[in-house]
Amino acid sequence: GDWVPMEPLSRLVGGPAAAAAAPAKPARPSKLWESSWACRRLEVASARGPALSPAPTERRRSGTPGRGDRSGVQQVIAWIEQELEAQGLRGAPPSVERARIFSSALGEVVEMLPSYRPILLAVQKEYDSLVSLLHAQVAAVGPAEGRFKTLKAEGLSLVGESMSWLQTEIASLRRRLAESRGECDALREEVGRLAGENARLREAAERDKSQANELQHQNLDVLRHLERMETQVERLRATEKEAQGLNGHLKQKVREKELRIHTVEEQLNTERERIASMVPREEFEALRAELNHAEVNIRELEEANAAKQKDYLSLVESYSRNIGQKLADGYDARPLTPRPSWFHCRGLLDVDAARSSDKAEAAQELLQHILTCSRNLLAAYGLHDTYHKSAILQRHGRHELAAPLAFSEDAAPKWAKNPAFQEDAGDGSGGGLDVSAHSRVPTLTGRSPMREADAWLPPDTDPGTPEVMRHSAKVRNLRLSRKRTSEFVEGLMALRSRGGAASLAVPFLDFMLDHIPEEHRTEDSNDFAINVYAAVQRYSAEPDFLAYLLLFKGKVSDAVVKDNRSMCTELLRIFAAHFETADGTKMITKQQFFIGLREVLPNKEKDMWQELVNSFPIGGPDVQVNYEWLLMDDMYVLSPIVYSLRLQHLEETVAFGERLERTLRGSLREGQLAVRYDALEAAFREDHELITLLQPEDFAKAFGIPVRSLKPSSEQEVAKVAELMKHGDAFRLLYFPALPTDDAEAGA
């Protein structure tokens with residue numbers, strides 16, 4: 001569509017001489033897409049005659065065409081007319097066939113004009129390209145035109161169908177109109193009848209209305225009489241309630257007096273027994289002298305023991321120096337003298353090995369191998385899924401230093417991927433991770449890099465760590481094993497239990513800091529407690545140590561931890577009594593096992609049961625299983641079912657404890673440090689489910705006093721109430737396995 005200046009027509013037909021003879025005219029624009037323009041110019045040039053043609057000498061000199069060329073143009077025009085006539089295109093509208101004829105003629109003309117051949121060929125090429133483009137666009141419109149015709153045909157078909165349907169509908173409406181007119185006539189007759197009936201009923205209504213007014217006055221008199229009677233009844237009920245309250249108060253006093261009498265009688269009996277068991281003074285003095293003599297002997301034996309210890313250390317040093325063994329400062333080791341007694345261990349150990357150190361190293365590697373393989377195998381049978389799905393582990397058991405249940409490169413913690421810690425799986429700390437198939441445990445003669453790199457615990461300032469356990473500097477790593485950590489925590493719980501409410505009201509970590517073992521009471525006595533907390537964190541993927549971690553954080557009580565550790569023992573006892581077989585075996589079906597668990601754990605939610613079923617052995621409900629094997633609770637070999645049960649127990653008790661604490665906090669005003677019993681009971685009465693679960697003994701335990709001394713004015717510090725309420729019996733009643741009452745009485 002661009003315009004370009006063109007030369008005069010005389011220059012295209014007569015050559016340069018004709019162009020010089022012709023008067024100069026300004027060039028005008030012409031559109032390249034007008035296909036008949038060039039042919040029209042040729043026709044005009046041929047019609048002008050010899051006036052536009054130069055002299056023959058000039059034609060020969062310039063090489064431009066002369067008369068013969070004009071006759072050639074006429075021949076081309078005649079050929080065009082002949083082709084149009086032959087193909088029936090004369091007078092036809094523009095088309096591709098006409099364009100082809102004119103394109104061929106233009107090619108012949110271009111051959112006659114060699115001077116203008118390049119420009120004319122370029123013009124012809126552009127026109128051909130444009131024609132091809134337009135032809136392609138027309139071809140693309142063809143399917144759409146067919147579609148439009150199809151739509152038109154469909155529209156006409158739909159119109160026909162609509163007209164048929166309308167005719168049918170009109171006939172139906174006319175029929176219905178006739179029926180409606182008949183019904184209208186019937187209704188007019190009915191209206192006339194009903195109008196007469198209405199007039200009769202109005203007269204009756206007037207009579208009834210006057211009668212209703214009279215009855216209403218009578219009813220008001222009756223209601224006033226009933227109100228007077230209800231008032232009398234309410235007064236009688238209030239009097240009866242006061243009498244019942246006074247009666248209950250008197251009964252409570254009677255029970256308290258009976259309990260006091262019983263207590264006094266027990267004290268009298270105890271005093272009588274004590275007096276009856278007292279020894280004479282002479283015997284007492286003799287025993288005291290004997291005790292003093294025994295204390296003197298003990299001191300002498302302690303001195304002798306200290307001397308023997310010095311001799312022993314001297315022997316160890318001499319032995320080490322003689323065999324070329326070098327012990328680092330503070331490294332607790334001794335020569336293997338006297339020689340230990342080795343056992344075959346059912347084919348696991350070669351007792352005939354020459355050196356005890358080799359047997360000890362093999363035993364240590366075997367322990368690591370068995371622990372790692374058993375954990376990995378159990379993880380493949382459901383332990384891994386339970387570990388990742390447990391909500392309580394997600395909230396409290398995930399830490400960058402926590403060891404996973406089964407080792408893999410993807411699941412290994414950061415410290416396990418450090419080459420300096422690759423030996424940690426096999427050391428005496430009981431980590432239980434096989435971080436290298438070829439790792440070797442350290443021996444007395446070859447210390448591994450792990451012992452130097454793992455000698456310190458990194459700083460811990462995590463907000464999730466209890467404040468008393470945070471430390472900004474590194475702490476010496478004592479590498480506590482599972483067994484030693486568990487024994488220490490269990491000992492503290494036993495000590496707290498003997499101390500009563502006064503000890504239980506103290507947070508566990510504060511109690512632990514006050515009862516550090518004597519050998520660790522140094523200037524940095526907190527280091528041992530920090531090591532205990534780090535060990536519990538490290539093994540927190542296991543139920544025992546997750547329970548300890550929740551105990552350290554104040555989420556559960558000592559009683560909950562004990563219940564969690566003993567629940568499988570209780571399950572085994574119940575199953576042994578409930579599913580006792582004639583042959584004494586422990587085999588029952590999977591369905592019996594599941595039903596038995598449902599009976600003894602009735603408060604477990606449906607989702608938890610679904611997760612627990614995933615830990616069952618494969619097979620249908622009639623498959624025989626050994627419930628003693630399934631409920632085996634071991635610190636090192638974790639049963640998937642036991643693992644799921646104990647994690648769910650911790651999750652349930654933590655949720656219930658948080659619910660109790662929220663209710664307790666809701667009864668307090670801002671800045672209140674103590675709570676009264678009446679305010680606490682009122683807050684719990686708003687939650688009908690909680691108040692039915694809590695007994696007076698639970699509130700008495702929370703206030704640290706006997707039930708008989710519990711009064712509405714009893715007061716206790718909020719922190720102590722929150723701590724002691726977690727030791728209530730409601731946790732055990734709700735979530736500890738127990739047979740239903742009927743079964744329990746039958747078993748008894």
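Guide: Here is the close look, starting with the ground rules and then the helix.

This is a predicted model, where local features need pLDDT of at least 70, side-chain atom pairs count only at pLDDT 80 or more, and totals for chains, interfaces and linings use all residues. Residues are numbered from 1 along each chain as its sequence is written, and side-chain values use heavy atoms, with hydrogens and water left out.

Your helix is α19, residues 606-613; helices (H or I, at least four residues) and strands (E, at least two) are DSSP runs, numbered from the N terminus. Met608, Trp609 and Leu612 are the buried ones in α19. Buried here is under 20% relative accessible area, exposed is over 50%, and partly exposed is in between, using a 1.4 Å probe and protein chains only. Looking down the axis of α19, the buried residues fall within an arc of 100°, so they line one face of the helix; that arc is taken over the directions from the helix axis to the C-beta atoms. As background, an α-helix has 3.6 residues a turn, so residues three or four places apart point the same way.

Val561 has 0% relative accessibility, so it counts as buried. Beyond its neighbours within four places in sequence, Val561 is in contact with Met493, Ala547, Tyr548, Leu551 and Val556, contact being heavy atoms within 4.5 Å. Met493 sits 68 residues from Val561 in sequence, yet 9.3 Å from it in space, C-alpha to C-alpha.

Loops can be buried too: Ser540, between α15 (526-538) and α16 (543-552), has a relative accessible area of 1%. The Ser540 side chain reaches the backbone oxygen of Gln537 at 2.8 Å. Setting aside neighbours within four places in sequence, the contacts of Ser540 include Leu393, Gly397 and Phe545.

To zoom out, the protein has 27 helices and 8 strands, and 32% of its 748 residues count as buried. Among contacts with a separation of 6 or more, 65% come from residues 24 or more positions apart.

Technical notes. Polar contact = N/O pair within 3.5 Å; in protein donor to acceptor, adjacent residues only side chain to side chain.
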